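Good morning, and thank you for coming. Please look at the structure on the screen while I take you through a few of its features.

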Amino acid sequence: MTSEQQRALARARQYAESFGNSFGGFIFSGNPGAGKNHLAAAIGNHIIKNGNSILIATLPDLMMRVRETYQKETKISESALVDDLCAVDLLVLDDVGVQRNNLNEDLIIFQVVDRRLANKKPVCVLTNLDFEQLTAVLGEWVIDRLRMGTPTSINFNWQSYRRQVK
């Protein structure tokens, strides 16, 4: 394990152990396959053991669920889906940057982030984008809100572990 990876692990551990003391989330950005999701899941496991709830959802899957609420035979409304996303103690949005970036998706993302942070509930982002690209995708309004509560930012700039899987 490199020193950068050790620092990332230590910061993730610190975030998990101090969960609930602040409402800041985390932003894990960097190379595909570098362990962003793995560390987010480890944080989730830790906070679940302490009685908190977590939802890790890919943004494309989440937007598909939103689109499904527009069909007549659906059992959940868009409003109820947003309420569910705002109810968990920790929301982790994975694959940020893969979404379609249409106005409706942008509004849903803004609404969820804004409502959660207004209620001092953290939102976390997993992305392969750098900060400039992430700002372009999410918009300054969302990025400004994600900066609330002193978030933990970690850049995963090492190579993919997936290449080692046999």
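Predicted model: local features only at pLDDT ≥ 70, side-chain atom pairs only at ≥ 80, totals over all residues.

Helix H3, residues 59-68, packs against helix H5, residues 103-118, at an angle of about 105°, and their axes are 11 Å apart. Angles of 65 to 115 degrees count as roughly perpendicular, and H3 and H5 are therefore roughly perpendicular to each other. On the side of H3, the contact is made by Leu 59, Met 63, Val 66 and Arg 67. H5 contributes Asn 104, Glu 105, Ile 108 and Ile 109. These contact residues divide into five nonpolar, one polar and two charged.

I turn next to the sheet. In what order do the strands of the open sheet stand? The order of its five strands is E2-E3-E4-E1-E5, and the pairing is parallel. Strand E2 (54-58) and strand E5 (152-156) stand at the edges; each has a single partner strand, so one side of each is left without a neighbour in the sheet. On average, neighbouring strands are turned by 15° against each other, direction ignored.

Within this sheet, consider E1, residues 26-30, and E4, residues 123-127, which run parallel and are joined by three bridges. Here Phe 28 stands opposite Leu 126 in E4.

Finally, the cysteines. How many disulfides are there? The count is zero. A disulfide requires two cysteine sulfur atoms within 2.5 Å, whereas the sulfur of Cys 86 is 14 Å from the closest cysteine sulfur, that of Cys 124, which is too far for a bond. Cys 86 counts as buried, at 10% relative accessibility. Cys 124 is also buried, with a relative accessible area of 0%.

Note on methods:
Residues numbered from 1 in each chain as written. Heavy atoms only, no water. Axes fitted to C-alpha atoms, helices over the stretch in contact; angles between N-to-C directions. Helix = DSSP H or I, 4+ residues; strand = E, 2+ residues; numbered from the N terminus. Parallel < 35°, antiparallel > 145°, perpendicular 65-115°, else oblique. Contact = heavy atoms within 4.5 Å. Nonpolar A, V, L, I, M, F, W, Y, C, P; charged D, E, K, R; others polar. Buried < 20%, exposed > 50% of the residue type's maximum accessible area, 1.4 Å probe, protein only. Pairing = 2+ DSSP bridges.
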